[in-house]
Amino acid sequence: MNMNKNKTTYSIQQIAKLTGLTDHTLRYYEKIGLLNGVQRDGIGYRQYSEQDMAWIQFLIRLRETGMKIGEMKRFSELRSLGEGTIRERRELLESHREGIYAQMAALMENVKAIEDKIQVYSVMEDEMKPEE
């Protein structure tokens, strides 16, 4: 971690360690336009800022909640276009959130079905126990 003029910067290895992403994934995200404007030092090494770190952490949340790379790219493009795209970004996130809620509801239905089956097996086990 470097302190340049009171700004903390991170190398790609440090970002990888802090986020759990690989160096390869970080380079890929940059290549496809998810990470824009990553600064370079005098010899060309990437120097990630605190803002880069926050954005990477948000990208991780989007991936972990099932957002497809194409949607992430669209969100990133909108973000790079500035404040004029705030409504569209909000709508994209709202749509993604609705998908997450639907997944959660389906998971809860599945958990309930599994719990019901566990209960059936518990009753069956109890009935199979020899009387003492």
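Tyr29 counts as buried, at 6% relative accessibility, where buried means under 20% relative accessible area, exposed over 50% and partly exposed in between (1.4 Å probe, protein chains only). The model is a predicted one, in which local features need pLDDT of at least 70 and side-chain atom pairs count only at pLDDT 80 or more, while totals for chains, interfaces and linings use all residues. Residues are numbered from 1 along each chain as its sequence is written, and side-chain values use heavy atoms, with hydrogens and water left out.

Tyr29 has an aromatic partner in Tyr28: the ring centres are 6.4 Å apart and the planes stand at 45°, so this pair is tilted. For such pairs, rings of Phe, Tyr and Trp (its six-membered ring) need centres within 6.5 Å; planes under 30 degrees apart count as stacked, over 60 as edge-to-face and the rest as tilted. Tyr28 is partly exposed, at 37%. The structure holds four aromatic pairs. Another tilted one joins Phe58 and Phe75, with 5.9 Å from centre to centre and 40° between the planes. Phe58 belongs to helix 3 and Phe75 to helix 4, so the pair ties together parts 17 residues apart in sequence. Helices (H or I, at least four residues) and strands (E, at least two) are DSSP runs, numbered from the N terminus. Phe75 is buried at 6% relative accessibility, whereas Phe58 is partly exposed at 28%. Ring pairs bring Trp55 into a cluster with Phe58 and Phe75. The ring of Trp55 also has the charged end of Arg79 sitting over it, 3.8 Å from the ring centre (NZ of Lys or CZ of Arg within 6 Å of the centre and within 35 degrees of the ring normal).

Next comes the core. The largest nonpolar core has 23 residues, and Leu26, Leu35, Tyr48, Ile56 and Leu59 touch the most other members. Such a core is a set of buried Ala, Val, Leu, Ile, Met, Phe, Trp, Tyr and Cys residues joined through side-chain atoms within 4.5 Å. Helices 1, 2, 3 and 4 each give two or more residues to this core, and helix 3 supplies the largest share, six residues. Leaving aside residues up to four places away in sequence, Leu35 touches Leu26, Tyr29, Glu30, Tyr48, Trp55, Ile56 and Leu59, a contact being heavy atoms within 4.5 Å.

Helix 1 (residues 12-19) has Ile12, Ile15, Ala16 and Thr19 as its buried residues. These cover an arc of only 100° around the axis, which puts them on the same side of helix 1; the arc is that of the directions from the helix axis to the C-beta atoms. Exposed Lys17 and Leu18 sit on the face turned away from that buried side. What covers the buried residues includes strand 2 (7-10), helix 2 (23-31), strand 4 (46-49) and helix 3 (50-64). Just after helix 1, Gly20 takes a positive phi of about 85°.

As for charges, the whole structure has nine salt bridges, each a side-chain nitrogen of Lys or Arg within 4 Å of a carboxyl oxygen of Asp or Glu. One of them joins Glu88 and Arg74 at 2.7 Å, N to O. This pair links distant parts of the chain, with Glu88 in helix 5 (residues 86-128) and Arg74 in helix 4 (residues 69-81), 14 residues apart. Lys129, exposed at 54%, bridges to Asp126, their closest N and O atoms being 3.6 Å apart. Glu30, Arg40 and Arg46 are linked in a network of salt bridges.
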